[in-house]
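Here is a short note for a colleague who is opening this structure for the first time. Please keep the view open while reading the points below.

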Amino acid sequence: MTDEKTRLAELRDQIDSIDQQIMDLISARAACAQEVANVKMAANPGQDVFFYRPEREAQVLRRIKEQNPGPLADEEMARLFREIMSACLALEKPMHIAFLGPIGTFTQAAALKHFGHSVISVPLPAIDAVFREVESGAAHYGVVPVENSTEGMINHTLDMFMSSPLKICGEVQLRIHHHLLVSPESKDQEITRIYSHQQSFAQCRQWLDTHRYGIERVTVSSNAEAARRAAEEPGTAAIAGDMAAELYGLEKLANCIEDRPDNTTRFLIIGREEVSASGHDKSSILVSMRNKPGALYQLLEPFHRHGISLTRIETRPSPSGTWAYVFYIDFEGHVEDEQVRKVLSDVDEEAVELKKLGSYPIGVL
Ligand SMILES: O=C(O)C(=O)C[C@]1(C(=O)O)C=C[C@@H](O)C=C1
């Protein structure tokens with residue numbers, strides 16, 4: 001044998017033996033998770049058992065990122081553990097996750113990034129349908145988009161919280177890369193029409209005006225639907241992401257055409273229960289104030305006084321009357337924290353209505 005062959009054979013023997021150890025350890029971990037499920041069921045006989053623990057998952061993934069010795073990148077190591085935990089949770093209870101579909105959307109990519117690939121993901125046609133599926137108990141959790149770094153808030157999602165009893169259980173951010181996609185048959189043809197979702201057109205406006213000026217742009221209900229049409233109609237293209245391209249066998253005419261290279265969408269995980277503190281959390285509330293001078297100051301002043309950082313404030317028209325407003329506020333901390341408790345009590349005194357939408361771990365992945 002040559003030196004190369006000898007050395008490769010040695011290294012591959014080492015890899016085989018390490019793989020065996022990894023497998024034994026993953027199996028031991030999975031058996032532990034099964035036992036955790038037994039303990040949870042025994043402690044809550046006849047009740048709804050919450051097998052998925054977002055705060056615990058966030059703590060596990062944070063520790064992995066902190067203690068990762070390399071050479072794998074922290075994100076890569078966390079992704080591997082994300083999948084191990086996903087498989088362990090599926091052993092405890094297979095999770096049904098509703099998401100804004102159809103399959104191949106960025107929301108599905110966000111759902112899989114957050115929960116891993118061992119969940120059953122259920123596509124639904126609209127944001128309110130995702131809420132209803134979780135409210136009725138048909139799905140354990142739901143995933144909906146809430147804001148994009150280029151285009152701003154997704155108002156439909158914010159407005160759903162005014163009437164829904166659901167809680168926010170988590171958040172996940174996804175870098176959004178859009179491509180100009182065509183079917184292999186259309187690759188050498190003239191493109192006369194481009195399909196996409198209205199948000200994606202907005203995120204690629206400058207690129208389209210510069211590189212495909214004058215071509216008809218047709219808005220459809222999702223990027224995946226755009227990809228489906230481009231796959232079926234010769235001479236058309238779609239703006240969509242990698243998942244949709246793969247699903248419909250499309251090729252890239254142009255790669256990463258979003259106007260801002262940091263284009264990111266934030267998604268919320270919605271569920272029926274409150275999440276305990278993970279040590280690095282965020283909270284969301286909806287507040288309506290009396291329409292009087294200084295109302296906004298009165299609302300924000302307690303946050304300053306108690307040293308709580310706001311991460312977002314949005315104004316939405318109130319369903320209760322013309323020119324009345326509801327504020328949607330995200331801030332750092334958990335409702336179990338002393339300072340947050342004080343802020344919320346001060347805000348509650350001044351507000352017409354205060355609705356706590358949930359405290360949840362700040363996205364780890
Ligand atoms: O710690 C638990 O409660 C578990 O169920 C175990 C485990 C894990 O695999 O680490 C699995 C699912 C939960 O979402 C969190 C953690």
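**Helix packing, cores and one buried alanine**

1. Start with a helix pair. H5 crosses H6 with right-handed geometry. Bear in mind that the model is predicted. The two axes, those of H5 and H6, come within 9 Å and cross at roughly 35°.

2. Which residues of H5 and H6 meet? From H5 come Ile127, Asp128 and Phe131. From H6 come His156, Thr157, Met160 and Phe161. By type, this H5–H6 contact holds 4 nonpolar, 2 polar and 1 charged residues.

3. Next, the largest nonpolar core. It has 25 residues. Those with the most contacts inside it are Ile127, Phe131, Phe161, Ile168, Leu268 and Tyr328. Two helices, H5 (127-135) and H6 (155-163), each give two or more residues to this core. So do the strands E1 (96-100), E3 (141-148), E11 (264-271), E14 (325-332) and E15 (351-361). H5 provides the largest share, 5 residues. As background, nonpolar side chains in soluble globular proteins tend to be buried together.

4. Look closely at Phe161. Leaving aside residues up to four places away in sequence, Phe161 touches Phe131, Leu166, Ile168, Leu268, Ile270, Leu286, Lys355 and Leu357. There is also a second, separate core, with 24 residues. Among its members are Leu89, Ile97, Phe99 and Tyr141.

5. Now Ala98. It sits in strand E1. Is Ala98 buried or exposed? Its relative accessible area is 0%, so Ala98 is buried. Residues up to four places away in sequence aside, Ala98 touches Val122, Leu124, Val130, Glu133, Ala139, Tyr141, Gly142 and Val143. Ala98 and Phe161 are 63 residues apart along the chain, and their C-alpha atoms are separated by 17 Å.

6. The axes of H1 (residues 3-43) and H3 (residues 74-92) come within 9 Å. They cross at roughly 40°, so H1 and H3 are oblique to each other. The crossing of H1 and H3 is right-handed.

7. What makes the contact between H1 and H3? On the H1 side are Ile26, Arg29, Ala30, Ala33, Gln34, Val36, Ala37 and Lys40. On the H3 side are Ile84, Met85, Cys88, Leu91 and Glu92. The residues of this H1–H3 contact divide into 9 nonpolar, 1 polar and 3 charged.

Terms used: Residues are numbered from 1 along each chain as its sequence is written. This is a predicted model: local features need pLDDT of at least 70, side-chain atom pairs count only at pLDDT 80 or more; totals for chains, interfaces and linings use all residues. Side-chain values use heavy atoms; hydrogens and water are left out. Axes are lines fitted to C-alpha atoms, for helices over the stretch in contact, and angles run from 0 to 180 degrees between N-to-C directions. Helices (H or I, at least four residues) and strands (E, at least two) are DSSP runs, numbered from the N terminus. Angles under 35 degrees count as roughly parallel, over 145 as roughly antiparallel, 65 to 115 as roughly perpendicular and the rest as oblique. A crossing is left-handed if the near helix is turned anticlockwise from the far one by less than a right angle, and right-handed if clockwise. Contact means heavy atoms within 4.5 Å. Ala, Val, Leu, Ile, Met, Phe, Trp, Tyr, Cys and Pro count as nonpolar, Asp, Glu, Lys and Arg as charged, and the others, Gly among them, as polar. A nonpolar core is a set of buried Ala, Val, Leu, Ile, Met, Phe, Trp, Tyr and Cys residues joined through side-chain atoms within 4.5 Å. Buried means under 20% relative accessible area, exposed over 50%, partly exposed in between (1.4 Å probe, protein chains only).
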